[in-house]
Amino acid sequence: MRGSQAVKGGLQVSNEYIEFGGKKSTDFYLVIQKDGVQISQPEENRIEATLPFMNGFYDFSKMAGERTYKQRDITIKFSLSAKDENELYRRKCDVVRWLSGAKGELRISFLTDYHFVGATAVFDTSAFEFTSRRTADLTVNFKTYPFLRSDDYSDIGFDDFNFETDCLNLTDISLTAVEQTRYAPPATLKVYSYADRPIRPRLSYKRSEDDAKSVGFTYFALNDQEISASVYRNTEKEFDLDELTLQPGVNTLAAYGFGTLTLKLYEEAL
C-alpha cells in the first residue's frame, strides 16, 4: 500500500483512508494499518465443456461477446482507539452501522484514477479484536463490481465555455450512423476528453429496425483512422473496443451504416 506512514501506539499505520456511503473512515477514528489494504484480482467466469473421446475442451467463456468476471474482494484492516473499553466498543458499533447501511461507491485515497462501484461491506466473526483496553483491530471485507471505474471524462458544466471552439459533452453521448450514398457525408460526432491520457470509453450499441441483415456500421473511423472491429451487438450490453481509444482533447467519430453507438465517458479496468 502506498502513502505516508505513522506510528500510533507502537503500531505502524497509514494516513490513507476510505470513503464509502458519503463518509470517510477518519470520521469514525479509523486508521488503516500499514499494508492493511488487500485488493484481489477478480476471477474470470470459465465455461468449459468436453465430450467423450474428445481431445481438449470447448471454451464458451466469450459466448456473450466478451469475458465476464466474478466479484472483486477487498480486505481492509483498521486500527481503532478510544479512552476506554466502553467507548472503544461504542465506536466499533458506529463503524458497523455506517458500513452495513451503505452500498455503492468505494474510494480508497491512494487510488486517484479509479474507484469501485456496487460495493457492500461484509464482517466475519473475527472482524473485531481488542488489542488492549483502549485499542482494537477491525477487519472489513468488501465485495464489489469486478472492474475499477474512472470518474467521467466529459466536460464539466458551467466551465469557461467558448461557443465557437468548445464542445460540451454529456456523460453519455451517441452517434447514429447514416446509410452510405454517393453524396451523403458520414454521420460525425466530436467528443472532448479532458483526461490527461488516452482512455477507452464504455460503449453500448442499439440496432436499427432498418438493419434487416444485422450489418451494423459499414464504416467507422476515429480521427480519420478507420476502425476495423465490428460495431454491431444483438443487445445493448456495455463493451469496449481497443481501437476506440480517445486522446486528450477533441476526437472526431464518423460512421456510415445502421444503428446507434453510445459512448459512456468513463473507463473500466481490471
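Student: Which residue stands opposite L203 in β20?

Tutor: L263 is the residue in β20 that stands opposite L203. Before we go on, remember that this is a predicted model, where local features need pLDDT of at least 70 and side-chain atom pairs count only at pLDDT 80 or more, while totals for chains, interfaces and linings use all residues. Residues are numbered from 1 along each chain as its sequence is written, and side-chain values use heavy atoms, with hydrogens and water left out.

Student: What makes β16 and β20 a pair?

Tutor: Two strands pair if DSSP finds at least two bridges between them. Strands themselves are DSSP runs of E with at least two residues, and helices are runs of H or I with at least four, both numbered from the N terminus.

Student: Why are β14 and β16 called edge strands?

Tutor: The open sheet has three strands in the order β14-β20-β16, with antiparallel pairing. In this sheet β14 (172-176) and β16 (202-206) each pair on one side only, and that makes them the edge strands.

Student: Which strands does β8 join, and through how many bridges?

Tutor: Six bridges join strand β5 (residues 30-39) to strand β8 (residues 72-81), and ten join β8 to β12. Both pairs run antiparallel. For instance, V37 has I76 in β8 as its bridge partner, and S81 has T135 in β12.

Student: Why is L138 called buried?

Tutor: Buried means under 20% relative accessible area, exposed means over 50%, and partly exposed is in between (1.4 Å probe, protein chains only). L138 has 1% relative accessibility, so it counts as buried. L138 sits in strand β12 (residues 135-144).

Student: Which residues does L138 touch?

Tutor: Leaving aside residues up to four places away in sequence, L138 touches L30, I76, K77, F78, V95, A127 and F128. Contact here means heavy atoms within 4.5 Å.

Student: What makes D172 and K264 a salt bridge, and is K264 buried or exposed?

Tutor: Their closest N and O atoms are 3.3 Å apart, so the pair passes the cut-off. The pair links distant parts of the chain, with K264 in strand β20 and D172 in strand β14, 92 residues apart. K264 counts as buried at 15% relative accessibility, whereas D172 is partly exposed at 36%.

Student: Why is N223 called partly exposed?

Tutor: N223 has a relative accessible area of 30%, so it falls in the in-between range. N223 lies in the loop between β17 (217-222) and β18 (225-226). Its phi is near 50 degrees, a positive value in a residue other than glycine.

Conventions: A salt bridge is a side-chain nitrogen of Lys or Arg within 4 Å of a carboxyl oxygen of Asp or Glu.
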